[in-house]
Amino acid sequence: VCTPYKAGNIYFTKKDATVYSICLYPDAQQPISLKVEIPYSGDVSSVTLLENGEALSFTRENNGISVT
């Protein structure tokens, strides 16, 4: 597992060389954001939506990555 394990509403886990980031919302009525800021400073080569395997666009930001 990678640290930090939690940052705000973002949780992390790791299997082999793959890091998983899970964004939790407080309730089902909250709309899903079109942009998610992930506070992760490690190397990132791709971001994939686990639900359907869709590759997502991302950019490196000062505090991590921004996924759109």
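Student: Is aspartate 16 buried or exposed, and what is its relative accessibility? After that, please take me on to the pocket and the residues around it.

Tutor: This is a predicted model, in which local features need pLDDT of at least 70 and side-chain atom pairs count only at pLDDT 80 or more, while totals for chains, interfaces and linings use all residues. Residues are numbered from 1 along each chain as its sequence is written, and side-chain values use heavy atoms, with hydrogens and water left out.

Aspartate 16 counts as exposed, because its relative accessibility is 71%; here buried means under 20% relative accessible area, exposed over 50%, and partly exposed in between, with a 1.4 Å probe and protein chains only. Aspartate 16 sits in the loop between E2 and E3, where a strand is a DSSP run of E with at least two residues, numbered from the N terminus. Although aspartate 16 is not a glycine, it has a positive phi of about 55°.

A pocket is an open set of points on a 1 Å grid over the protein atoms alone, where a 1.4 Å probe fits and protein lies on both sides within 12 Å along at least five of seven lines, and a lining residue has an atom within 4 Å of a point. The volume of the largest pocket is about 960 Å³, counted as the space filled by probe spheres set on points that are joined across faces, edges and corners. Of its 31 lining residues, Ser21, Ile38, Val47, Thr48 and Leu56 lie nearest the centre, and E3 provides the largest share, six residues. The lining divides into 20 nonpolar, seven polar and four charged residues; Ala, Val, Leu, Ile, Met, Phe, Trp, Tyr, Cys and Pro count as nonpolar, Asp, Glu, Lys and Arg as charged, and the others, Gly among them, as polar.

Ile38 and Val47 also belong to the largest nonpolar core, whose nine residues include Cys2, Phe12 and Val36 as well. Such a core is a set of buried Ala, Val, Leu, Ile, Met, Phe, Trp, Tyr and Cys residues joined through side-chain atoms within 4.5 Å. E2, E4 and E6 are the elements that give two or more residues to this core. In soluble globular proteins, nonpolar side chains tend to be buried together.

Lysine 35 forms a salt bridge with glutamate 37, their closest N and O atoms being 3.5 Å apart, where the rule asks for a side-chain nitrogen of Lys or Arg within 4 Å of a carboxyl oxygen of Asp or Glu. Side chains of opposite charge can pair when their charged atoms come close. Lysine 35 is partly exposed because its relative accessibility is 46%, and glutamate 37 is partly exposed at 44%.

Leaving aside neighbours within four places in sequence, lysine 35 is in contact with Ser66, Val67 and Thr68, contact meaning heavy atoms within 4.5 Å. Serine 66 lies in strand E6 and counts as buried, because its relative accessibility is 2%. With neighbours within four places again set aside, the contacts of serine 66 include Lys35, Val36 and Glu37.

Notes
Helices (H or I, at least four residues) and strands (E, at least two) are DSSP runs, numbered from the N terminus.
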